[in-house]
Amino acid sequence: MRDVFVMWRNTRMVVLVALSAAIYAAILIPFKIIPIVPGFTELRPGNAVPIVCGLLFGPAAAWGCAIGNLIADFFGTIGPGSFFGMIGNFLFAYVPYRVWVMLKGFRPPSGSWKEVPLLVLAIFMGSAACAVVIGSGVELLGLVPYVILTSIITINNTVVGIVLGIPLLILMYPRARRWNLTFSQVMREDDIRGTRLTPIAGLLIFVACTIGVSAALDMRGHIADWAMKLGILDMQPVIGEDGKALPVSLLIPAEMSLLQLGLWCSLAILVGSFLMAKVGLGRRPAAAEAEQTTDEASTGGLVVENVSFAYPDGGEAALRGITFTQSAGQMRFLMGRTSAGKSTLCLCLNGVIPQMQSGDFSGSVQVGGLDTSQWSVDELSRVVGLVFQDFETQLFCSDVELEVAFGLENRGVPRELMRERVDYWIDVLGLRHLVGRDPSTLSGGEKQRLALAAVMAAEPPVVVLDEPTTDLDPAGRAEVMDAVGQLADDGRTVVVATNESAEAADADGLLVLQAGVLAYEGAPASLLQDIQASAALGLRPDPLAELAAAVGLAQVTQNVEQAVEMLRERSARLDEKAFVSAQGSEQTQSARAPAATLQNVSYSYGGLPALDEVSVDVCQGEFVGILGPNGSGKTTLCKLVTGLLAPDSGTVAVNGRDVSEMRASELAAQIGYLYQNPDSQIFADTVFDEVAFGPRNLGRTTARVRELVTEALAITELTGYEDSDPFSLTRGERQRVALAAVLACEPSIIVFDEPTTGLDVPQQEAMMQLLKRLQGQGRTVIVVTHHTEMALRYAERLVLLRGGHVLADGPTREVVADHETFAAAGQCLSPLVAISQELFGVPLLSADEFERYVHLG
C-alpha cells in the first residue's frame, strides 16, 4: 500500500482528499433522515462517490471517503461502529481503483461501454469489501447481526455504484483528465505499480468478498436446498431441538459461526488490499541525510541526458532526446517557439517532471549530482529555484515581505539572516515601495518581480527562470537581468527561458528548442546575427544584424557606437525627401470623432492612487500605444475606459456617451477589452461557445451568432478550432480565442492589455499585424504594452504614463525623439533609434525604415 502513504507528499492528492471528503459528506448528510437500519445505515445514493472518485483519484479518494463518512456519521449515526465504517469506506474507494490498475493499467476508466463489465466487477468487489468489514465489525461489537448489515450494504452499494456511478464517471472523467487530477496524472507510476503478488492479492480479495457476502445472503441454506432438490448433493438434514430441520449453508465450515467467517474474510480483504501495491514508503531519505546531500550539491551544475517526455494527452512528445551539460556559474538562455518544450524542460530541471506531472518520461536529469527522479521536489528545492511562466501561481501570502520570506522560514533560516536577505532582494528588484501591500493588489509586472524575489532570496545554487521578464517594462527587464547576471557571477548556475533575443546576447551559451528537439547549442551571437537561421527557429535576430542587412553592410557591428562609426565611414545619408514625404502622409488625417475620452480622471485602490487627473482623447480609427513602467496605471486606464472600474472623479466617455450612463450590454457592443491574461476571460467548453457567448447575450439570432462566430474565427485564423477546448490550446491561440470573442460582439473600439505577452516572435508579429488590419477596417485600437519595439512599429500615437500621470501624448516619432521623457516612462531606446538619432537627428523606428530612407555613399 505504498500509494496510500506516499500520496501525502503530493499537494494535489491532499487537496483531492479534502475534495472527496467534502463531496461525500455533503451528499450523505441529507439522507440521514431516511434510515434502513436506524442508527447504522440509511439510504445512500451518495455511494456513487467512492466508486467514481476512487477510480479517478485513487488513494486520495480512499482517504477522503473514509473521512467523509466519519463526518457524516456525526449527523446521526456516530458510535463505535463508525471506526469500521471508516475502514469499510476506505476500501469502498480503494479496492475498485486497485482492481482497475491490476487489470487495465495506469490509465483510469472513462466509462465507455467496453469498460462496463470490468467496472461492474470492480464495483462489486469494492461494495462487498466495504460490507464484509463493516458487517463483521459491527456484529463483533454486538450491535447489528452480520447477515443484515452485510446484505444491505452490498446491495445498496453495488446497485447505486452501477446505476449512478458509471454515468457519473462518464461525466467526470473528461473534466478530471483536462484538469490533470486523475491518479495517473498526479502520482508517479512507480508508486502505483503492483508486484508479482498483485494478481494473487486480487484473487484473494475476490474470493473473500464472494464468500463473505454469499454466506450472509445464504443464511437460510437455499443453495444447499436447491442442490439437494436437483440431486447434486445428498445431505442428511440437521434436526434441531424442536424436531425441525435446521438450515445448512455450504459456505460456512462446520463448527464456524457466520461472524467468525466474516472476520476471516475481513482479514483476507485487508491483507489482499495491503499486497495490491508495493510495500514501503518509496525513495525518501531521512531529513538529515537529505539536507546534508543537498548541501553537498550546492556547487554542482546540470547534466541532462537523453531526456524525452510526453504529456498523458496522447499528443506529440514535448521533449525528444534532449542532452546537454552546464557547469556551475554559467548562465544559459533557453529559447524557441511556443510549444517548443521550454517550460517542460524547466519543469524537468527541478523534478516537477516526472514527480508531480505525470506522463511518459525517459532519460535522466542531474542537478548538482542529484537525480531529479529520485529526490522529492521539496528536497530539490534546496538546490533548484524555479520561477514559473505563470508566476501568479507562486504567490499566496498576504504581504509582500512575508512572500519573500516564506521559503526562508520553511528552511529555518535564522531571523537576522532572513531579514538581511529579504531586504536585499526587495531593494535589488525595486519592491521597496510595495512593502506592506497585499500581492493580489499589485500589477502584473510587480507580481513578477515579487515572484523573482521570493525565489532569489533563498539563494539556491541553481536558478531556473521561465520567461521571468514578460510582464516587466524595459527598464525593469534590464534591472532584473542585471540581478540574474549577478547570480551567475556569484557562482550560481542559471537557466533563463525567454523569447527576447536582446536578453540572451551576453549569455555564456544559448539552447534553442524546436518541436521538442535541441536544434541549436552554442554562442548566442553565432545564431542571432544570422537573420535567416534565427527566423527559421522563430527568434528575433540581433537588430544590428537587421541594420547591416537593411543598408548593405558586410559586417555586423557589436554595439551602437561601432555601428555609428561604420555608417559614417560609409558616408550614410538620410533620403530627406522620401522621409519628409512619408512623414507628411502620416500626419495628413481628416478630422475624426472621439472614440474614447478621459477627462480629469482619478482612481485609487484602497487609498493608493493609480491615476491622478488624467485626460486622454482617442479618436476613431486610431492605433494608440500606451507605455509606462509597472504600476503606472496603464491597466487601470483600460478598465476605466471599458467600464470595469468607475472613476473616483472625472468623466469617461465612449463614442460621445458617458460610460456611467450606459448599460453593460450597450458598452459591450461598442468596446471590447482583452485582459492581460486571456485565461481570465475564457470559460466555455469549446471555442465556438466561447466566441458565441457575447453575441448570444446581446440578443443576436442563432443564424447571426453563427455568422459572427465564423467571421471572427476567420479573422483570427482559428477556423477549424470550433470544437476544441480553449484551455487545451497554446497561449497564443487562447489570446486569439479571446480576441475572436470580442470581435464577435462587433465593437468599434478594441482595448488590448499586453497583446504579445507569452507569445513567440512569429506569434507577436501575427497578433500585431492582425490588430493593424482591424484598424484598417475602421476599428479603434488601444494597446497597452511593455514591448517598446512593437509599439514603435505599429502604433501611430503613444501615450506615456508614470505614477498615474501622463508624461507625453503625441505621434510616435515625436514622443520617441524626447529621450529624457521617454526614459522617465521606463522605456529604453532601441539600438536603431539611437543610431538614427546620432547620425541624422531623427528617429528611424525599424530596420525597414533604414532600408527605405538610408543610403550609403
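Predicted model: local features only at pLDDT ≥ 70, side-chain atom pairs only at ≥ 80, totals over all residues.
**Stop 1: the whole chain**

Start with everything selected. The C-alpha trace spans about 125 × 65 × 50 Å along its principal axes. Colour by secondary structure next: the chain has 37 helices and 26 strands. Of its 857 residues, 54% count as buried. Now consider contacts between residues at least 6 apart in sequence. Of these, 71% join residues at least 24 apart.

**Stop 2: helices 17 and 18**

Select residues 400-410 for helix 17 and residues 415-428 for helix 18. Their axes lie 10 Å apart, and the packing angle is about 135 degrees. The two helices are therefore oblique to each other. The crossing of helix 17 past helix 18 is right-handed.

Show the side chains at the contact. Helix 17 brings Glu401, Val404, Ala405, Leu408 and Glu409. Helix 18 answers with Met418, Arg419, Arg421, Val422, Asp423 and Ile426. Which classes make up this contact? It has 6 nonpolar residues, 5 charged ones and no polar ones.

**Stop 3: helices 24 and 25**

Move along to residues 543-551, which are helix 24, and residues 560-569, which are helix 25. The axes come within 11 Å of each other and cross at roughly 10 degrees. Angles under 35 degrees count as roughly parallel, so helix 24 is roughly parallel to helix 25. Here, too, look for the handedness: helix 24 passes helix 25 in a right-handed crossing.

Which residues make the contact? On helix 24, pick Leu544, Leu547 and Val551. On helix 25, pick Val560, Ala563 and Leu567. Colour them by class: the contact of helix 24 with helix 25 has 6 nonpolar residues, no polar and no charged.

**Stop 4: helix 29 and what follows**

Select residues 687-697, helix 29. Which of its residues are buried? They are Val687, Phe688, Glu690, Val691, Ala692, Gly694 and Pro695. Note that Glu690 is on that list.

Finish by stepping just past the end of helix 29 to Gly699. Check its backbone: Gly699 takes a positive phi of about 85 degrees.

Definitions and conventions
Residues numbered from 1 in each chain as written. Heavy atoms only, no water. Axes fitted to C-alpha atoms, helices over the stretch in contact; angles between N-to-C directions. Helix = DSSP H or I, 4+ residues; strand = E, 2+ residues; numbered from the N terminus. Parallel < 35°, antiparallel > 145°, perpendicular 65-115°, else oblique. Left-handed = near helix turned anticlockwise from the far one by under 90°. Contact = heavy atoms within 4.5 Å. Nonpolar A, V, L, I, M, F, W, Y, C, P; charged D, E, K, R; others polar. Buried < 20%, exposed > 50% of the residue type's maximum accessible area, 1.4 Å probe, protein only.
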